[in-house]
Amino acid sequence: MTVKEYAARKVEQIKQNRFLFEELVKRDFNKKYKRTILGMLWSILGPLMTLTVMALVFTQFFGRNINHYIIYLFCGNLLYGYFKESTNSGMCSLYNNSKIFSKVNVPKYMFLLSSNVSSLINFGINLMVLFLFCIIDGVEITWKFILLIYPVCCLVLFNVGMGLILSALYMMFRDMKYLYDIFTLLLMYLSAIFYSIDAYELHKQYLFYLNPIYLYIRYFRKIILEGVIPKPSFHLLAAGYVIVALVIGSIIYKKKNYKFLYYI
């Protein structure tokens, strides 16, 4: 079976289970704000509060030499936050829905996809807030902003691939949640969210591109703050990380798919 045929088969399965998929998305999105007074407003207030704290703490240390530092910080915080939320929810998606797929024969990856869509909705809302901040801060909105679709699509697919890996591992090893919390904390410091890598030597700067999240953040900053379209090699590397994550995730998921019931 070719990759195209495999993808077409999965899309067809989603279409056949469209109603279930839509209900899962609604459930996952509403679950986040259940019994809260402000409800959906937290999808905006949460990131803004984090941004405010980081701006107050880091502006004096790193913001003096970076133009539009708030936007610089917002770009990093927005993409990293989306990655963390999406992969964390994706990691627990199979285990949290084990009571459903243990009784009903449905494609298990639908639980992962629904959690990703829920996180993507939050990301989209905050992306609009970022554009509003750009206008307020005097950042010129150009046609190049359309190209932001590319890193967003790459990050969405990368998160799906990571979710496939993490959800399978979490079904077998509950320790993954604690290990992943440590990993994401380390990743935050390695993603240059609140500082610039310009102070490092050139060969050390290249090491940051081994981090996919930094790559996608850098793409955003190039378009929004520098008005520069990244080089073709930049685009190929971004797509390369997606392919690697999806291939590894699909292999692990396919091999362990029929064993998940033993770990419930």
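Figure 1. Just beyond the end of H6, Gly 138 adopts a positive phi of about 80°. The model shown here and in the following views is predicted. Helix H6 covers residues 109–136, and its end C-alpha atoms lie 41 Å apart. This separation agrees with the 40 Å that its 28 residues should span at 1.5 Å a residue.

**Figure 2. The chain as a whole.** The chain contains 11 helices and 0 strands, and its pattern along the sequence is α-α-α-α-α-α-α-α-α-α-α. Of its 264 residues, 45% are buried. The chain exposes about 14,900 Å², and carbon and sulfur atoms supply 67% of that area. When contacts between residues at least 6 apart in sequence are considered, 77% join residues at least 24 apart.

**Figure 3. Confidence along the chain.** The average pLDDT of the chain is 83, and 80% of the residues score at least 70. Confidence is lowest in helix H1 (residues 3–16), where the mean is 61. It is highest in helix H10 (residues 212–226), at a mean of 95. Where pLDDT is low, the predicted coordinates should not be read in detail.

**Figure 4. The crossing of helices H10 and H11.** Two packed helices are described by the angle between their axes and the distance between the axes. The axes of H10 and H11 (residues 232–256) come within 10 Å and cross at roughly 145°. The crossing is left-handed. On the H10 side, the residues that meet H11 are Pro 212, Leu 215, Tyr 216, Arg 218, Tyr 219 and Lys 222. Their partners in H11 are Phe 234, His 235, Leu 237, Ala 238, Tyr 241 and Val 242.

**Figure 5. Glu 226 in helix H10.** Glu 226 is found in helix H10. With a relative accessibility of 40%, Glu 226 counts as partly exposed. Beyond its neighbours within four places in sequence, Glu 226 is in contact with Arg 218 and Arg 221. The C-alpha atoms of Glu 226 and Glu 140 are separated by 9.9 Å, although the two residues are 86 apart along the chain.

**Figure 6. Helix H4 within the structure.** Helix H4 consists of 28 residues, of which 21 are buried, so this helix is largely enclosed by the rest of the structure.

**Figure 7. The surroundings of Phe 74.** Not counting residues up to four places away in sequence, Phe 74 touches Leu 48, Leu 51, Asn 126, Val 129, Leu 130 and Phe 133. Phe 74 and Ile 217, which are 143 residues apart in sequence, have their C-alpha atoms 9.9 Å apart in space.

**Figure 8. The surroundings of Met 91.** Apart from residues up to four places away in sequence, Met 91 touches Leu 166, Ser 167, Tyr 170, Met 176, Lys 177 and Tyr 180. A separation of 8.3 Å divides the C-alpha atoms of Met 91 and Met 162, residues that are 71 apart along the chain.

**Figure 9. Asn 159 in helix H7.** Asn 159 lies in helix H7 (residues 149–172). This asparagine is buried, with a relative accessible area of 0%. Leaving aside its neighbours within four places in sequence, Asn 159 contacts Tyr 82, Phe 83, Ser 86, Thr 87 and Asn 116.

**Figure 10. Two loop residues with positive phi.** Most residues other than glycine have a negative phi. His 68, however, has a positive phi near 50°. His 68 is located in the loop between helix H3 (42–62) and H4, and it is partly exposed, with a relative accessible area of 31%. Ala 192 likewise takes a positive phi of about 50° without being a glycine. Ala 192 belongs to the loop between helix H8 (176–190) and helix H9 (202–207). At 0% relative accessibility, Ala 192 counts as buried.

How values were computed:
Residues are numbered from 1 along each chain as its sequence is written. This is a predicted model: local features need pLDDT of at least 70, side-chain atom pairs count only at pLDDT 80 or more; totals for chains, interfaces and linings use all residues. Side-chain values use heavy atoms; hydrogens and water are left out. Helices (H or I, at least four residues) and strands (E, at least two) are DSSP runs, numbered from the N terminus. Buried means under 20% relative accessible area, exposed over 50%, partly exposed in between (1.4 Å probe, protein chains only). Contact means heavy atoms within 4.5 Å. Accessible areas come from the Shrake-Rupley method with a 1.4 Å probe; for residues, only the protein chains shown count as cover. pLDDT is the predictor's confidence in each residue, from 0 to 100. The expected span of a helix is 1.5 Å times one less than its number of residues. Axes are lines fitted to C-alpha atoms, for helices over the stretch in contact, and angles run from 0 to 180 degrees between N-to-C directions. A crossing is left-handed if the near helix is turned anticlockwise from the far one by less than a right angle, and right-handed if clockwise.
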